[in-house]
Amino acid sequence: MLKNKQIILGVSGGIAAYKSVELLRLLTKAGADVHVIMTRSAQEFVTPLTFQALSSNAVHTELFNLLSEQKIGHISLADRADLFIVAPATANVIGKIAGGIADDMLTTTIMATKAPVLFAPAMNVNMYKNQIYQENEQKLRRYGYLFEAPVSGSLACGWEGEGKLASPEAIFESALAALTKKDLTGRKILITAGPTREEIDPVRYISNHSSGKMGYALARCARMRGAQVILVSGPTSLMKPAGVTLVEVTSAMDMQREVMAQVAECDVIIKAAAVADYRPSKRSSSKIKKDVDCTAIELVKNPDILATLGNMDRRPFLVGFAAETNSLKKNASKKLAEKNLDMIVANDVSQIDAGFNVDNNRAMIFFKDGRNVECPLMPKKRLADVILGYIAVELLEG
Ligand code: PMT
């Protein structure tokens with residue numbers, strides 16, 4: 001993901017400095033070449049040796065160190081960066097940059113870089129809320145600096161509230177987003193994901209094996225590419241992707257209501273959810289007793305949300321999925337035509353290495369004009385990127 005990317009990780013002095021060790025691990029695991037700069041106070045919390053061992057690069061601590069300036073100076077570091085992350089970023093470092101002060105290795109290199117800079121602030125809640133800090137942050141945001149906002153929780157200083165460093169995973173996601181081509185900026189994309197549950201009684205339901213992984217990968221990737229993303233999701237155990245609006249639903253009827261409420265505002269709708277085609281005609285309000293040997297549940301058909309969207313006079317760019325177990329090409333092409341779609345992603349869900357509830361997928365993408373593209377087995381995150389790449393091109397040309 002981050003192969004051939006040069007990232008500078010600035011660590012300033014706060015108790016959360018230990019969490020940037022985990023962030024460094026995520027970055028190097030994704031293939032980035034990471035160079036760490038530590039302020040003097042950061043070294044009171046974590047030793048440079050820890051970052052050096054994990055980055056396989058010398059850690060920079062002093063501006064006036066003759067040896068390290070000769071080997072790789074602060075200007076060279078600033079120039080080589082694809083991205084600069086400061087985590088944790090103290091009120092002091094943010095204040096200095098907002099005031100144009102460059103008086104140590106970290107602030108000097110930030111001032112000299114032309115790379116995007118992502119600050120992940122961490123501090124006491126009252127410092128965070130302080131008008132001076134807030135004005136500094138707003139000023140930097142206006143100049144294009146990026147921020148991964150701190151979260152609420154119990155702080156090391158004993159206070160409760162905002163100021164806790166965002167998780168290493170959230171900072172990593174924002175770093176990926178900062179490095180991704182923004183070909184979907186200004187587009188609003190609604191993605192459905194996961195299964196629906198059709199309740200029989202308070203303890204039982206009809207559902208399917210969808211984990212939501214495909215739809216969540218699409219949501220995450222669309223956000224990275226700059227889109228405003230609404231993720232309408234059936235019940236899953238997945239974490240909400242950062243920077244995405246999550247609307248949680250249970251049944252097909254709930255999903256239809258939420259999708260139809262948003263459709264007028266959307267440029268694109270991608271329906272990766274596995275919507276139950278049928279629901280029980282009646283939901284029992286109490287648990288059905290097992291005192292009969294055999295019983296039958298009457299089912300009624302759920303509305304086809306995608307077909308409803310396809311029938312609209314003015315509709316967004318529509319991408320369906322087709323979950324097939326046989327005659328993939330024939331069935332997918334039929335759904336593309338019958339539901340009046342722009343694209344359909346067909347996957348064979350009878351295979352154990354792809355489709356439902358696994359990390360990988362293989363698919364064929366069919367377009368309205370008869371073209372098709374074969375996508376071999378790959379991680380769902382990668383397939384999401386391929387699908388969104390085609391959508392971005394179609395939107396540009398359309
Ligand atoms: O969630 P994962 O575990 O990652 O698995 C991914 C997946 C296999 C669920 C996904 O890749 C996939 O194939 N999703 C579509 C599943 C499905 O319902 O396919 P279908 O062929 O039955 O439906 C065709 C299309 O119509 C789909 O876009 C579906 O969302 C939509 N539909 C179906 C029925 C219905 N009542 N309303 C709909 O909108």
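In helix α6, the buried residues are Met105, Leu106, Thr107, Thr108, Thr109 and Ile110. Because six of the eight residues of α6 (residues 105-112) are buried, this helix is largely enclosed by the rest of the structure. The description given here rests on a predicted model. Across the protein, which has 398 residues, 50% count as buried.

**Overall architecture**

The protein contains 14 helices and 19 strands. Its C-alpha atoms fill a box of roughly 80 × 50 × 40 Å, taken along the principal axes. Among contacts with a separation of 6 or more, 66% are made by residues 24 or more positions apart.

**The eight-stranded sheet**

Eight strands build an open sheet with mixed pairing, and their order is β12-β11-β8-β13-β16-β17-β18-β19. The edges are formed by β12 (245-248) and β19 (372-379), each of which pairs on one side only. From one strand to the next, the twist averages 20 degrees. In general, strands of a sheet pair through backbone hydrogen bonds, in either a parallel or an antiparallel sense.

Within this sheet, strand β16 (residues 317-324) pairs with strand β17 (residues 343-348) in the parallel sense, over six bridges. Ala322 has Ala346 in β17 as its bridge partner.

Two helices are described against the strands. Helix α14 (residues 380-397) packs on the sheet and touches β8, β13, β16, β17, β18 (360-367) and β19. The direction of α14 makes about 150 degrees with that of β19. Helix α11 (residues 252-262) lies across β8 (188-193), β11 (228-233), β12 and β13 (268-271), and runs at about 175 degrees to β8.

**A hairpin**

Strand β6 (residues 151-154) and strand β7 (residues 160-164) pair in the antiparallel sense over four bridges. Ser152 stands opposite Glu162 in β7. The hairpin of β6 and β7 has five residues between the strands, and Gly158 in this hairpin takes a positive phi near 105 degrees.

**Packing around helix α9**

Helix α9 (residues 168-179) packs with helix α1 (residues 17-29) and also with helix α10 (residues 213-224). The geometry of the two pairs is as follows.

| Helix pair | Angle | Distance between axes |
|---|---|---|
| α1 and α9 | about 45 degrees | 9 Å |
| α9 and α10 | about 55 degrees | 8 Å |

At its angle of about 45 degrees, the pair of α1 and α9 is therefore oblique. The crossing in which α1 passes α9 is right-handed. On the α1 side, Lys19, Glu22, Leu23, Leu26 and Leu27 take part, and they meet Pro168, Glu169, Ile171 and Phe172 in α9. By class, this contact of α1 with α9 comprises six nonpolar residues, three charged residues and no polar ones.

The helices α9 and α10 are likewise set at an angle, about 55 degrees, and are therefore oblique to each other. Here Glu173, Ser174, Leu176 and Ala177 in α9 meet Arg220, Arg223 and Met224 in α10. The residues of the contact of α9 with α10 divide into three nonpolar, three charged and one polar.

Technical notes. Residues are numbered from 1 along each chain as its sequence is written. This is a predicted model: local features need pLDDT of at least 70, side-chain atom pairs count only at pLDDT 80 or more; totals for chains, interfaces and linings use all residues. Side-chain values use heavy atoms; hydrogens and water are left out. Axes are lines fitted to C-alpha atoms, for helices over the stretch in contact, and angles run from 0 to 180 degrees between N-to-C directions. Angles under 35 degrees count as roughly parallel, over 145 as roughly antiparallel, 65 to 115 as roughly perpendicular and the rest as oblique. A crossing is left-handed if the near helix is turned anticlockwise from the far one by less than a right angle, and right-handed if clockwise. Contact means heavy atoms within 4.5 Å. Ala, Val, Leu, Ile, Met, Phe, Trp, Tyr, Cys and Pro count as nonpolar, Asp, Glu, Lys and Arg as charged, and the others, Gly among them, as polar. Two strands pair if DSSP finds at least two bridges between them. Buried means under 20% relative accessible area, exposed over 50%, partly exposed in between (1.4 Å probe, protein chains only).
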